[in-house]
Amino acid sequence: SRPARGSSGKMAAPMSKGSRGPEPGAAPYGNFPNYSRFHPPEGRVSLLPQGLLRSLFPAATRPLLGLDVGCNSGELSVALYQHLVGLQESDSSPEAPGAGKELNLLCCDIDPELIRRAQQSSPFPASISFASLDIMDSGAREPFLSSYLERFGRSSFDIGFCMSVTMWIHLNHGDRGLLEFLALLASLCTFLLVEPQPWKCYRAAARRLRRLGRDDFEHFRSLRINGDMAESVTRILTQECAMELVRSFGSTGWDRSLLLFRSTRARPEG
């Protein structure tokens with residue numbers, strides 16, 4: 001797949017002078033090269049109850065399908081997978097017997113370099129697929145997701161993960177882009193776990209970009225959806241996208257809510 005149109009050359013985080021490597025937070029799509037170092041997966045996974053999948057899908061007789069949008073280099077995807085299927089970290093290599101019988105996870109990110117790293121380091125290649133995809137490019141997205149779902153004889157995912165991605169969609173695609181993105185996820189997934197960034201993160205991201213002498217995010221100053229973003233995302237999903245809020249799992253140590261939604265549309269496969 002390809003980056004968003006008109007964004008070539010802006011994909012990777014720019015290198016800063018000196019030996020510190022890429023400037024944290026300088027990536028315009030949130031595609032930081034060492035993201036999990038400053039927001040470790042355990043900070044989210046520890047908020048999710050053991051046995052969550054079984055409580056959501058008590059009668060599942062087939063492998064569940066998951067979609068992780070904006071997976072970065074995959075550390076959180078792997079941690080979510082291990083937690084959801086009840087694997088301990090020591091089980092991760094070689095691939096545990098029976099892995100994939102419970103959950104198959106498709107993880108995508110706009111940055112092909114991060115996806116390469118995820119593919120190289122994944123301990124569960126049979127159960128977790130990593131792919132480079134701009135989720136906002138319908139021309140690339142639709143055939144790609146359709147072909148994945150068709151392999152399992154499915155037309156939707158059982159559960160979706162959107163972990164600290166909504167801000168980057170919003171900043172790069174505006175209010176309309178955020179609405180489209182949330183509607184897309186709601187149409188694709190029976191359950192959806194969302195971690196929206198709070199508004200202070202938007203200001204910090206814009207400030208970092210300016211400090212590097214880069215152009216401001218095209219939409220930042222014109223966003224009408226602002227303020228309490230967890231509340232805004234909840235309102236959009238429940239009022240406009242046929243979903244209901246099932247549970248808030250509390251907040252991470254960096255003040256982000258983990259919100260679980262369920263589709264209220266009738267689904268023949270569920």
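In this predicted model, tryptophan 199 has a relative accessible area of 15% and is therefore buried, and tyrosine 202, at 0% relative accessibility, likewise counts as buried. These two residues lie three residues apart in helix α8, so that about one helical turn separates them.

A search of the whole structure finds seven aromatic pairs. One of them joins tryptophan 168 and phenylalanine 217 in a tilted arrangement, with 6.2 Å from centre to centre and 55° between the planes. Because tryptophan 168 belongs to helix α7 and phenylalanine 217 to the loop between α8 and α9, this pair ties together parts that are 49 residues apart in sequence. Tryptophan 168 is buried at 8% relative accessibility, and phenylalanine 217 is buried with a relative accessible area of 6%. Elsewhere, ring pairs link Tyr148, Phe152 and Phe157 into a cluster.

Helix α7, formed by residues 166–188, packs against helix α9, formed by residues 229–240, at an angle of about 45° and with the axes 9 Å apart; the two helices are therefore oblique to each other, and α7 passes α9 in a right-handed crossing. On the α7 side the contact involves His170, Leu178, Leu179, Leu182 and Ala186, which meet Met229, Val233, Ile236, Leu237 and Glu240 of α9. By class, this contact comprises eight nonpolar residues, one polar and one charged.

Alanine 230 is also placed in helix α9. Leaving aside residues up to four places away in sequence, alanine 230 touches Pro196, Ser257 and Leu259.

Notes. Residues are numbered from 1 along each chain as its sequence is written. This is a predicted model: local features need pLDDT of at least 70, side-chain atom pairs count only at pLDDT 80 or more; totals for chains, interfaces and linings use all residues. Side-chain values use heavy atoms; hydrogens and water are left out. Axes are lines fitted to C-alpha atoms, for helices over the stretch in contact, and angles run from 0 to 180 degrees between N-to-C directions. Helices (H or I, at least four residues) and strands (E, at least two) are DSSP runs, numbered from the N terminus. Angles under 35 degrees count as roughly parallel, over 145 as roughly antiparallel, 65 to 115 as roughly perpendicular and the rest as oblique. A crossing is left-handed if the near helix is turned anticlockwise from the far one by less than a right angle, and right-handed if clockwise. Contact means heavy atoms within 4.5 Å. Ala, Val, Leu, Ile, Met, Phe, Trp, Tyr, Cys and Pro count as nonpolar, Asp, Glu, Lys and Arg as charged, and the others, Gly among them, as polar. Rings of Phe, Tyr and Trp (its six-membered ring) pair if their centres lie within 6.5 Å; planes under 30 degrees apart count as stacked, over 60 as edge-to-face and the rest as tilted. Buried means under 20% relative accessible area, exposed over 50%, partly exposed in between (1.4 Å probe, protein chains only).
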